[in-house]
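Colleague: Could you walk me through this model and tell me what stands behind the words you use for it?

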Amino acid sequence: MELPVLPALPLHTERLVLRRFGPGDLEPLLAFHSDADSVRYVPFPPRDRAAVASVLERKTSNFALRREGDLIELAVALRKEGTLVGDVLLALRSLPNETLEVGYIFSPAYAGRGYATEAVRALLDLAFGPLGARRVMARVDERNARSRALLERLGARLEAHLVENEWIKGELTSEVDYAVLAREWGVPKPRSPELAGGHRGGG
C-alpha cells in the first residue's frame, strides 16, 4: 500500500505549522531529543548529536505509508516565529483494520501552552480526512499524566491498561492504550478493506 498523493503540506493551525523536517532542524531537535526529562516516557534514551542526525535523515527521507510500521513524521513549528517546538508522527499499524498510531514529543520549554493538543488535533484531522483511517490509537506510559490528559481532551477512549508489560530504561513500566474512531471524530468513513480508497500505503 502506498499513498497515491502525499498529504498536502504544510498543515496550518491557529498557532502552528506542521511541516516536513529539513536539515536545518538538527539543532532544535537535538535540544529536546537529548533532554532526559523530554524523553522520559518514550522508548529511546537521550540522543547525542550523531543519533539525532541519523534520526533526522530518516525523518526527511521516509514519507509514505506502504507497509505496517511505516511513518509520516512532521516537525511542529510556531507559525509566527518559525521555532521548532515538537516532533509528531502517524504510523501505519494495521492495513486490514485501517489503524494508525499517533505519537508525539515536545520541547519542555514550550510546555503548558496547548501546542501539543493543537498539533495532535491536526494529526487526527489528517488521519481521518485525507488518509482515510478508521481508527487511530496511542500508547502511553501510565505515569505520563500530561499525555493522558491530552488524549482525553481530544475525546480518545481508554481501551487497555497493560500492567508491568515492558522494561523501559531499566524500569518495569505499565502502558495505557487510547483510541478514537473516525465516526467519533465526525468524519464519514466509506466502507473499504483498505485505507482511503484501496491503494495507499504509517516511530
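Modeller: Gladly, and let me begin with a definition: the expected span of a helix is 1.5 Å times one less than its number of residues. Helices (H or I, at least four residues) and strands (E, at least two) are DSSP runs, numbered from the N terminus. This is a predicted model, in which local features need pLDDT of at least 70, side-chain atom pairs count only at pLDDT 80 or more, and totals for chains, interfaces and linings use all residues. Residues are numbered from 1 along each chain as its sequence is written, and side-chain values use heavy atoms, with hydrogens and water left out.

Colleague: How do you know that the span of helix 3 agrees with what it should be?

Modeller: Helix 3 covers residues 115–128, and its 14 residues should span 20 Å; the end C-alpha atoms are 20 Å apart, so the two agree.

Colleague: Why is Ala 77 called buried?

Modeller: Buried means under 20% relative accessible area (exposed is over 50%, partly exposed in between; 1.4 Å probe, protein chains only). Ala 77 has 3%, so it is buried. This residue lies in strand 3 (residues 71–78).

Colleague: What makes helix 3 largely enclosed?

Modeller: Twelve of its 14 residues are buried, so the rest of the structure largely encloses helix 3. Among them are Tyr 115, Glu 118 and Phe 128.

Colleague: What is the mean pLDDT of the protein chain?

Modeller: pLDDT is the predictor's confidence in each residue, from 0 to 100. The chain has a mean of 87, and 89% of its residues reach 70 or more.
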